[in-house]
Amino acid sequence: MKTTTLKQKELRTSHKAVAPIIATLLMVAIAVVGGTIIFVFAQGFFSSSQVSGTPTIEAVKILGYDARAVTALQAHDGNLMLAGSAGNSDPNKEQGERVAIYLTNDSVQKVVLGEVSFGGYIYQYIDASATGLGLYDGANIPQGNYTVLTATPDSLLAKGAGELAPGQTATIVLDLDSDLRIGRSSQFKVTTSNGNVFVGTVSVGQQSG
């Protein structure tokens, strides 16, 4: 039989931990190495983002609207549009009549308007000036579409897309795709080409802003 000496027992049962100072230094070293690796990866990302140029933050503010049952709607600049711009003064807002909604681009870059949703229906932009339809002739804007009025009495946005320059305010003119009941609130939602969504509420038969 082997005889276990007292010194051998002490060696077997004695397990000393790493000194607290060494453990702290190791943790600091690991943190520094990890932070350096993250910084290197992040530096490449931010550099490519800065080189890409224009920021993609968009801010579109809904300033007000004119959804009255009148013959002439008011534009964003406070002036009346041409006669017949609302349709007629019948107490109802009917299919084929129009609603005006005022938007401003608070972004530092242009905003391209995509689809507009109002009262549960989706409206697509049309360059009414290019088609020669105008706002107030017999054909008006094709039903279920919208155009952009930049100034009164009849300055339509002459572009293939609904673009708002930085700081620009304009009137979105919808040609209604359905009858709307006076006194009811309907949701207005505009989606930009970058997928950002801005929402407001329009009280049919009233004016705001």
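This is a predicted model: local features need pLDDT of at least 70, side-chain atom pairs count only at pLDDT 80 or more; totals for chains, interfaces and linings use all residues.
Is Ser 208 buried, partly exposed or exposed?

1. Ser 208 counts as partly exposed because its relative accessible area is 28%, which falls between the cut-offs of under 20% for buried and over 50% for exposed. You will find Ser 208 in strand β11, residues 207–208.

2. Now look at what surrounds Ser 208. Leaving aside residues up to four places away in sequence, Ser 208 touches Gly 64, Tyr 65 and Tyr 102.

3. Next comes the largest nonpolar core, which has 26 residues. The members that touch the most other members are Ile 101, Leu 113, Phe 118, Tyr 146 and Val 148. At least two residues each come from β1, β2, β3, β4, β5, β8, β9 and β10. With four residues, β3 (111–118) gives the most to this core.

4. Setting aside residues up to four places away in sequence, its contacts are Ile 62, Gly 64, Tyr 65, Ala 170, Thr 171, Ile 172, Leu 174, Phe 188 and Val 202.

5. Finally, have a look at β9 and β10. These strands run antiparallel and are joined by seven bridges. Ser 186 has Val 202 of β10 as its bridge partner. Four residues lie between the two strands of this hairpin, where Gly 195 adopts a positive phi near 90 degrees.

Note on methods
Residues are numbered from 1 along each chain as its sequence is written. Side-chain values use heavy atoms; hydrogens and water are left out. A nonpolar core is a set of buried Ala, Val, Leu, Ile, Met, Phe, Trp, Tyr and Cys residues joined through side-chain atoms within 4.5 Å. Buried means under 20% relative accessible area, exposed over 50%, partly exposed in between (1.4 Å probe, protein chains only). Contact means heavy atoms within 4.5 Å. Two strands pair if DSSP finds at least two bridges between them.
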